[in-house]
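Subject: Structure handover

Hello,

Please find the structure below.

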Amino acid sequence: MALAKRIIPCLDVTAGRVVKGTNFVELRDAGDPVEIARRYDEQGADEVTFLDITASSDQRDIILHIIEACASQVFIPLTVGGGVRKVEDVRRLLNAGADKVSMNTAAVQNPDLVSDASAKVGSQCIVVAIDAKQTAPGQWCVFTHGGRNNTGIDVVTWAKDVAARGAGEILLTSMDRDGTKNGFDLALTRAVSDAVAIPVIASGGVGNLQHLADGVTQGGADAVLAASIFHFGEYTVRQAKEYMRDRGIEVRL
Amino acid sequence: MGKIAVIDYGMGNLRSVWQALEHVAEGREVVVTADPAVVAAAERVVFPGQGAMPDCMAELDARGLRPAVLQAAKDKPFLGICIGLQMLFEHSEEGGVPGLGVFAGQVRRFPADKMVTADGSRLKVPHMGWNQVRHTRPHALWEGIEDGARFYFVHSYYVTPEDPAVVAGTADYGIPFTCAVARDNIFAIQSHPEKSARDGLALLRNFIRWQP
């Protein structure tokens, strides 16, 4: 028996609401974050991830209230990302009830943030989110600022770097696939999960349950993250788990 | 009805433990406290823990909480969680510190040479995620929880009790290890019931109703 492969519904949150876009644009309202998180918990989600996609910094505190409300009703690990720039931001989110905090742009701009934060609060609390876009066959670059800025950094190199700096987990999103429903970028997922010893969460592109299973069996992911297939009621988390179990993947049911 | 005291010795955030207990407390008051008098007056005591055991032991003593914890472990329903389980043992490899010695035995780190799966892939330490908990014997706190149900774990060290009779549950991660112990009024578990969804809440509810 081994650790269960995890299914993680992801909630993109702005101005206190869950939204979902296609290729990082065109947002659709998907509902109240606490209510949605609770529903996923009831369906058997192993974890819930909140990404605060609020642009303006004066609305940053909204996510803290959402996490506080969520932590009082949802008793599974909660991960929060978006706008994390300092170790102090990590602390505030953990104190609000998050179990893990994910960082993206700020980690690229200041890689010491990964080392400092993991030394302070423990690797198990630190997730580095990588937005990846294919730039040549078998090659992907790290994008920042919500996918607008190409850093030119190789994704596999960056993944190894953050793992060495104490990241506990990598949340790997394919920007090419995000919102397309064409499935994960399996070559990208495999390249990163083969390169690092820390868990990799596959993200971006899930359109059906086979895609989730493929992320684990072909991509080598330890966890799979999806948003729209769950938000709009196409599938429940439980259905996804039963599907994976029937294909020989260990899940918590 | 008496209070449920969650012992706060300044190591990390106890919000999750408190909130999960509140959720199942059936009207009882749940307090997070560093006051030995509150611990002494409580009907039941929860002893959580996160971080490194040497820091936890130092902070516990700095706050003068050791006598209150030892007394509670003698005379009222007592639930240890994670490092709160490990601290009940005699000694830990983590920092080479002595624990409270409520149970005879050691706390050891997962051995690097055993951290491989059957297919040869490497297991990471900390052991983090949803793993199966096997009941080695019936216990009031397992009531309504399936043998083999998955709980959420985050840890790098595990307990090795000298007396096999205290083992209540085991899990596997490269090696089989003891993940729950019980004796008289004490139950202690390595995983985090406060983060283990319905089965974790069931265990906490069982603790609140438990009449050892």
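C82(B) sits in the loop between β4 (78-81) and α5 (83-86) of chain B. Helices (H or I, at least four residues) and strands (E, at least two) are DSSP runs, numbered from the N terminus. Please note that this is a predicted model: local features need pLDDT of at least 70, side-chain atom pairs count only at pLDDT 80 or more, and totals for chains, interfaces and linings use all residues. Residues are numbered from 1 along each chain as its sequence is written, chains are lettered from A and ligands numbered from 1 in the order in which they are written, and side-chain values use heavy atoms, with hydrogens and water left out.

Active site

C82(B) is buried, because its relative accessible area is 4%. Buried means under 20% relative accessible area, exposed over 50%, and partly exposed in between (1.4 Å probe, protein chains only). Its contacts (heavy atoms within 4.5 Å) include G49(B), V154(B) and H192(B), not counting residues up to four places away in sequence.

An unreviewed UniProt entry lists C82(B), H192(B) and E194(B) under "active site". These three span 113 residues in sequence, yet no two of their C-alpha atoms are more than 10.9 Å apart, so they gather at one spot. UniProt positions are in the numbering used here, feature names are shortened, and annotations may be inferred rather than shown by experiment.

E194(B) is in the loop between β13 (186-189) and α6 (197-209) of chain B. E194(B) is buried too, at 7% relative accessibility. Its side chain makes a polar contact with the side chain of H192(B), at 2.8 Å. A polar contact is a pair of N or O atoms within 3.5 Å; within protein, one must be able to donate a hydrogen and the other to accept it, and residues adjacent in sequence count only if both atoms are side-chain atoms. Beyond four places in sequence, E194(B) touches residues of both chains, among them F75(A), S16(B) and L204(B).

A strand residue in chain A

D29(A) lies in strand β3 (residues 25-31) of chain A. Is D29(A) buried or partly exposed? At 48% relative accessibility, D29(A) counts as partly exposed. The C-alpha atoms of D29(A) and V18(A) are 6.1 Å apart, although 11 residues separate them along the chain. Leaving out residues up to four places away in sequence, D29(A) touches R17(A), V18(A), V19(A) and F232(A).

Best wishes
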